[in-house]
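Me: Hi! I'm new to this one, could you walk me through it?
Reply: Happy to, let's take a look together.

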Amino acid sequence: MPVILWTDAMIYLLLATGFAAALWIRKRPHLVLPWKRVADSSTGMVSLLFFSLFLLVGLLDSMHFRPALPEKIDGQQVYSAEVLSLFDVLASDMKSRSEKTYSAPLAAYLYAKESMETRDGTIIRDYPRLHHGGAHLADPASELQEDVLKRAATGAAAGGLAGVFLIGLAVGLFHVFARIRPRMPGSPSGHETRAADWKAAWTGCMQRKSVRALMLTVLLLSLALGMICNLAAAYHVLGTDKVGQDVLYLALKSIRTGLVIGTVTTLVMLPFALLLGIAAGYFRGWVDDLIQYLYTVLSSIPGVLLIAAAVLMMQVYIEMHPEWFETSAARADLRLLFLCLILGVTSWTGLCRLIRGETLKLRELEFIQAAQAFGVSSFRILTRHILPNVMHIILIAVVMDFSSLVLAEAVLSYVGVGVDPTTMSFGTLINSARLEMGREPMVWWTLAAAFGFMLVLVLAANLFADVVRDAFDPRLNQD
Amino acid sequence: MKSGTVSNPLHSSSGDFTQDLGGQPILHVEDLVTQLRNGARIVDAVSFCIQRGETFALLGESGCGKSMTALSLMRLLPDGIRMAKGGARLEGNDVLALPEHAMRKVRGGRMAMIFQEPGLSLNPVMTVGEQIAEVLKLHSDLRGAEISRHSIELLEQVGISDAPRRAGEYPFQLSGGMKQRVMIAMALAGQPKLLIADEPTTALDVTIQAQVLELLRDIQHETGMAVLLITHDLGVVAQMAHQVGVMYAGQIIEQASRRQLFAQPLHPYTQKLFAALPNAERVGQPLAAIPGNVPPLSAAPLSACRFAPRCEKSWGLCREQAPEWTVLENGQGVRCHLYTSKAEGVQAGPADVLLSAVHGVAQAKEGKQETTALLQVDRLQVHFPIRQGILQRAVGYVKAVDGVSMTIPAGRTLALVGESGCGKTTVGKALLQLIPPTAGSVRFAGQELVGADARRLQEMRAGMQMIFQDPYASLNPKMRIAEILQEGMDALSIARNAGERQSRIDELLVQVGLDQASKWRYPHEFSGGQRQRIAIARVLAVNPALLICDEPTSALDVSVQAQILNLLKSLQDTLGLSYLFITHNLAVVEYLAHEVYVMYLGRIVERGPAKEVLHFPRHPYTRALLSAVPKIDGEGMKSVRLPGEMPSPSRPPEGCHFHARCEHAMPECSEAYPAEAIVGPEHSVHCHLFRK
């Protein structure tokens, strides 16, 4: 039975808006131009590739359903109380193969010694074997290294093949696309010209640095992914946590939480920042005073305090109404959504100030005065003249904010006012690492996993934002 | 500094140093080439020589490479532009071959530069004295107290009164003219042999420009330094230069002494530049506009004359072969095929290229004088409150417009003239009710506009429209031309349906001389002149009767300015439009206006028919304003120099606003504002001199 959680709906909505925007932009050459510049940048395309991998995991993790249970009651299909996502199904191996407690990455033994009873009844104290990690090995001490290398190599080979296949597929699609295109009305047809066109287009495409960089990255990435997948089938690539869950699985599940916090919060924040910022800048007078006082007051309250107060209040409220939620996933999800709302309501001030400043500058420009002289209505001036001219700021600010919001979630979870404890997020991973780093021998892999994933996600988003900002900056693109 | 009447100093000083040609030139530039990375030559084979005490003017329109020539000499080229070859010898040393550390001593030392925008060239967080001291520390042996003493001396040398106090002030406390004086003082601190002045007066008002130019001449006379003057203004060249090089698309196309150039310009481009200048003799005739635009430097062809596409004298050879540099017998150099192949048949002079048939039409129109007032303004006031404190109470008022009355008849042009900050733009916006007037009445076609409700105003908006100064800021960069033109029609529901609107747009584009296909393009694809045409089409779309033109040509090149002025003139002839022409450019006024109002500090000080006001000015301010305009003939003119700058409109002087700068000031001038004195039919003036 498919389940659409609140945040899922938000994500679908965002995706739909993104597609609509892309279609809208396609028809407007002056808006397509900067995106072409993004496509020409190697950094931009490589960071976009990384980011879309994260996005893919996040999306797979956003398609939720409740599996049907085998038994039926009164002929009625019964559904499990557990809400699973498509990603859970794909990674069900990783999800189900939990150990007893901590184990290091690619280990065959637990991380701590335990007392075990041998068959002959004596009790020895040693590292016990893992139930799943390296379970196929007879003598891990001698075979482990060789097996890991072998698996890595075969995985890499398979991944490489897949990568080559992917690139081949892309080339094939390009070919098909190039063949379809001339059939559009107005273009010359004929096989020879088409073939020649295709060849020219293809060589032109290959000469672009960004395309070559992209292909190289796809190849390297598929090598690495193939390696990890093959290893993950038999080992815990990033070890296990305190209760024996696979850390790689936890980190992958955290991606969705990070993305939701980054994007849904923006969705909440944007109307505030946009409407209030433009209104304050354009109308001046008491409207401006009011809005300015509002955001000055809001931004002078310590952010964490405000968020903590709101989250705690909301938490109590949810606890008092357990009957609202069919499943625990729904409850955790609502908490996540409220966290986004609260973050959004408290973080619009910066962007609002930015937009107000830009609008102040724009309203003095002569094309606004020309419109006023024609008696164009204020609403039309705001939407037709000012909004398109502040769009670049919004775009840049949104991407920049994304990374800071992902980090903000980590901080909030660390403080204890973040997401539901059952929701996996980078924040909860880091929070658990607090105790692990303090024990001897140190358990470092949970923190390292969270650190690595967050670094790549935020770096990809930031680099992409940089490229986008440069592409939209008219001063850098005079030619 | 006190005002005084001085004779044109060119005649007293120009002779001395030009005689002194025997010695080595201060600067000798030879075959200088500066390129973009892609190989496009933005300065191409430029050669010239500057002698001691001489001013060499590089004249050209925007984008012709004259600033790049200067930056190449200073070795301060921006990234992506590099010097390809050539030599520049400053007193015999090749500055282009110097290592960077030695070059640093030359910059600001033997070779100094002043820039166009004095406001941007001074560091806002350092006092003026500190900034001069910085140069002194680098380029002189002075130390300690001597430095500050010398910087005060320098400030006195550039005519800044109360120099010890000014040395401790920050740039924002100084006016534009004073900042440029400080820049000159800084340049002088290194005792340069060569001063490069890059459009030193373009950002200044005419009266301030006259002060600065005079200062430069005086200093040159004292120190004998050479000046490389970069300008687009023929008037400035006429006043300052001994030698002139005319640049076009990266090349010097003509080089001559000032007298030779003004007596007989050789290159067709130079001839056109002279002809494109509006002035009184050409009233009623279209200006000689050069068709097209200055080509972008990156697109300059190598194997053709760069001016050929815009030249009406061009023939086949011009498009096949780049003309060689030719020096005529009288020493005048020119780069044109007209002079390489045949020397005869070129005595065509500038005058005969311009006239055409519209002459007669304009004369005929002159006859019919419509007297019905289209716009009647009575004692219009616009006061901006100065607010202070937490409660934002008004503690005073900036009287930007203080009791302006005017009448514009249908089909006539009224010019509102004044320096920047006198409130003339505010008048224009207050007429359109873009800024609500504080008091007074504005009646357009009999309808009172001040205090009218939104619906009544909306009806009036179609009748009165505005053309703005900056064509780059007046078109929304995110809208296509068709959308821009359509906006006014939509807002005022001009056309009935979409088809009608589209055909009207096509019609308008043709009317302002643009291609119909351009309606699907975006503003950034057009040049400044074309954008101004689009702005004109936009207002014409709503069929106005009165156009308020706020300095519509001040952001444009001379050759393009002529195109726009011709367009405005022909639109007036065909559509019977009235214009309120707001400008500081008196030459444009002579060409277009029927009546002239001179504005000073929010009030009209003189008004009357254009010919009378411009040729027989009465008010001392009008006289000073007119004499401050550099005349291109530059001969035998008495000039009135205005001291000081316009006071702030928040605290206008007691009595006559002008008395502090007026050479005829009398005791009563500081007591009461003079009433209107009639000095002729339709000519009146606010001055105590004409009270009887």
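**A first look around**

Reply: In this predicted model, the UniProt annotation "domain: ABC transmembrane type-1", from an unreviewed entry, covers residues 255-465 of chain A.

Me: What are the helix and strand percentages for residues 255-465 of chain A?
Reply: That span is 83% helix and 0% strand. Its end C-alpha atoms lie 19 Å apart.

Me: How many residues does each chain bring to the contact between A and B?
Reply: Chain A gives 15 residues and chain B gives 21 residues.

Me: And which elements of chain A give two or more residues to that side?
Reply: Those are helix H14 (366-373) and helix H15 (378-415) of chain A. The largest share, seven residues, comes from H14(A).

Me: What classes of residue are on the side of chain A that touches chain B?
Reply: There are eight nonpolar, six polar and one charged residues on that side.

Me: Switching to chain B: in what order do the four strands of the open sheet run?
Reply: The order is E15-E14-E17-E18 in chain B, and the pairing is antiparallel.

Me: Which ones are the edge strands?
Reply: Strand E15 (393-409) and strand E18 (447-448) of chain B, as each pairs on one side only.

Me: How many bridges are there between E14 and E15 of chain B?
Reply: Strand E14 (residues 373-388) of chain B pairs with E15(B) over 13 bridges, in the antiparallel sense.

Me: Which residue in E15(B) is the bridge partner of B:Gln376?
Reply: That would be B:Thr407.

Me: What holds paired strands together in general?
Reply: Strands of a sheet pair through backbone hydrogen bonds.

Notes:
Residues are numbered from 1 along each chain as its sequence is written. Chains are lettered from A and ligands numbered from 1 in the order in which they are written. This is a predicted model: local features need pLDDT of at least 70, side-chain atom pairs count only at pLDDT 80 or more; totals for chains, interfaces and linings use all residues. Two strands pair if DSSP finds at least two bridges between them. Two residues are in contact if their C-beta atoms, placed from the backbone, lie within 7 Å. Ala, Val, Leu, Ile, Met, Phe, Trp, Tyr, Cys and Pro count as nonpolar, Asp, Glu, Lys and Arg as charged, and the others, Gly among them, as polar. UniProt positions are given in the numbering used here, feature names are shortened, and annotations may be inferred rather than shown by experiment.
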